[in-house]
Amino acid sequence: MQLPTVDYTAENAAEQFVESLRNTGFGVLKNHPISQELVESIYKNWQAFFNSNEKHDFLFSKETQDGYFPPEVSEVAKGFTKKDIKEYYHVYPKGRVPAQLEAEIREYYRLANEFASTLLSWVQEYAPADVKAKFSIDLKDMISNSEQTLLRVLHYPPMTGDEEPGAIRAAAHGDINLLTVLPAANEPGLQVQDKDGGWLDVPCDFGNLIINIGDMLQEASGGYFPSTIHRVINPTGKASDKSRISLPLFLHPRPDVVLSERYTADEYLNERLRELGVK
């Protein structure tokens with residue numbers, strides 16, 4: 001089974017996209033408005049940053065969660081004991097960014113965030129009436145002016161052979177947020193778990209945009225939109241010599257947004273960050 005690819009310019013794109021999200025937890029879009037040239041340039045320029053010592057000047061802050069997270073503090077996925085094989089940089093609206101990378105990454109953040117509002121409107125439009133009734137406000141309004149939406153620049157380094165046995169680039173996990181918007185990475189490896197527990201390769205054709213459901217949308221929809229378990233597996237053969245850069249945008253509501261009778265967005269996020277050991 002392949003994940004279906006939806007043409008953003010098709011007449012019924014919104015309906016097809018939401019159907020794919022509902023059935024697989026993922027939507028793959030082609031012919032979307034995010035500039036491929038911009039994404040390729042970001043990949044190239046951030047690869048140079050991760051290859052440099054400058055990254056250590058931007059070490060992350062526990063209070064603000066912005067900046068550079070080195071491999072030794074990388075996440076341990078919920079239910080796992082081994083750290084993922086990756087390093088990454090957190091870009092927030094008011095966070096620190098290296099001067100030479102700032103204009104480009106801020107422009108991408110703005111464009112992707114705008115586009116994400118459209119996708120959330122699609123989800124809202126094609127959700128059943130009883131699910132819509134659960135949303136405390138319109139989904140797109142949950143992220144409006146949010147300073148919590150996170151752009152993560154991820155670097156999976158080449159494999160050295162010295163990795164901890166059993167560790168992979170990103171162990172199976174669900175995302176915390178509403179939706180995650182991800183341009184296809186420069187190398188394959190992303191897989192999504194199907195309903196039978198098997199793993200499907202996510203298409204990594206450059207130019208595709210990959211969207212998955214996070215735990216907050218699952219919570220807000222009463223489970224109608226299932227949060228997607230996914231992972232990034234280790235490359236083999238010649239591909240193991242290559243870095244992999246990935247650029248997920250995690251759509252987070254403002255802290256005061258009510259997700260459900262159990263949680264505000266702030267309560268939900270802080271609970272999960274404590275579980276991950278980064279707060």
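This is a predicted model: local features need pLDDT of at least 70, side-chain atom pairs count only at pLDDT 80 or more; totals for chains, interfaces and linings use all residues.
Helix α7 comprises residues 265–276. Its buried residues are Ala 265, Tyr 268, Leu 269, Asn 270, Arg 272, Leu 273 and Leu 276. Part of the cover over the buried residues of α7 comes from α6, which runs over 215–220.

Helix α7 also takes part in the second largest pocket, where it contributes 5 residues to the lining, the most of any element. The volume of the second largest pocket is about 340 Å³. Its lining consists of 20 residues, and Thr 64, Gln 65, Tyr 92, Glu 147 and Gln 148 are the closest to the pocket centre. Sorted by class, the lining of this pocket holds 8 nonpolar residues, together with 6 polar and 6 charged ones.

A further feature concerns two strands. Strand β1, formed by residues 5–7, pairs with β2 in the parallel sense, and 3 bridges connect the two. Within this pairing, Val 6 has Leu 29 of β2 as its bridge partner. Strand β2 itself covers residues 26–30 and is mostly covered, with 4 of its 5 residues buried.

Key. Residues are numbered from 1 along each chain as its sequence is written. Side-chain values use heavy atoms; hydrogens and water are left out. On a 1 Å grid over the protein atoms alone, a cavity is a set of points where a 1.4 Å probe fits but cannot get out, and a pocket is an open set with protein on both sides within 12 Å along at least five of seven lines; lining residues have an atom within 4 Å of a point. Grid points are joined across faces, edges and corners, and a volume is the space filled by probe spheres set on the points. Ala, Val, Leu, Ile, Met, Phe, Trp, Tyr, Cys and Pro count as nonpolar, Asp, Glu, Lys and Arg as charged, and the others, Gly among them, as polar. Buried means under 20% relative accessible area, exposed over 50%, partly exposed in between (1.4 Å probe, protein chains only). Contact means heavy atoms within 4.5 Å. Two strands pair if DSSP finds at least two bridges between them.
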